[in-house]
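Here are some quick notes from my pass over this model. Have a look at the structure first, then go through the points below.

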Amino acid sequence: MNVLNLNGQIIWVFVNLLILFLLMKKFLFGPITRMLDARAKGVSDTLDQADARLAEAEQSKQEYDKQLADARSQAAQIIAESRKRADLAYSRRMEEAEQDVQRLNEQAARQREADRQVMLDEAKQEIAALVMLATAKVSKQVLDSDSDKAMVSAFLDEAGDEE
């Protein structure tokens, strides 16, 4: 009977273990499993959100890179247009300066010609006065009349035209 008694205790231990297992399953394992499932779902959701934010950040970075490339392109275009305008303005100013130099050279040439003509006229008048003086000394007469002066002027003009 001792063997049966021992076997009866083993059965009660097994029954107690079974009851303990069922109670633990209902009150301990169920909530812990639900809590672990909820935590796993939360981690999964957090990872999904992180992936979504990473994708969003990548998209934002691509948009930023595109905007930066567009801005650089526009800046290069503005610089090119500015250089074109500056070259055009430089060319215009150079043309104006060349025209100014040409106009000044023409004015200087006209002024030189006018000064030369004045000098020639003064020289002719001095020569005419000298010729009249020499003629007066040679002929021992004073030439005062306007006709004599006109005659000497005409002679000097003819002599100037032959040169």
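1. A word on terms before the details: helices (H or I, at least four residues) and strands (E, at least two) are DSSP runs, numbered from the N terminus. On that basis the protein chain has two helices and zero strands.

2. Keep in mind that this is a predicted model, where local features need pLDDT of at least 70, side-chain atom pairs count only at pLDDT 80 or more, and totals for chains, interfaces and linings use all residues. Residues are numbered from 1 along each chain as its sequence is written, and side-chain values use heavy atoms, with hydrogens and water left out.

3. The whole structure has four salt bridges, each a side-chain nitrogen of Lys or Arg within 4 Å of a carboxyl oxygen of Asp or Glu. One of them joins Asp-45 and Lys-41 at 3.4 Å, N to O. Both residues sit in helix α1 (residues 2-139), four residues apart, or about one turn. Asp-45 is partly exposed at 31%, while Lys-41 is exposed at 54%.

4. Asp-65 and Lys-61 also pair up in a salt bridge, 3.5 Å from N to O. They are four residues apart in helix α1, so about one helical turn separates them. Asp-65 is partly exposed at 36%, and Lys-61 is partly exposed at 48%.

5. Then there's Glu-113 with Arg-116, whose closest N and O atoms are 3.4 Å apart in a salt bridge. Here the spacing is three residues, about one turn of helix α1. Glu-113 is partly exposed at 41% relative accessibility, and Arg-116 is partly exposed at 42%.

Note on methods. Buried < 20%, exposed > 50% of the residue type's maximum accessible area, 1.4 Å probe, protein only.
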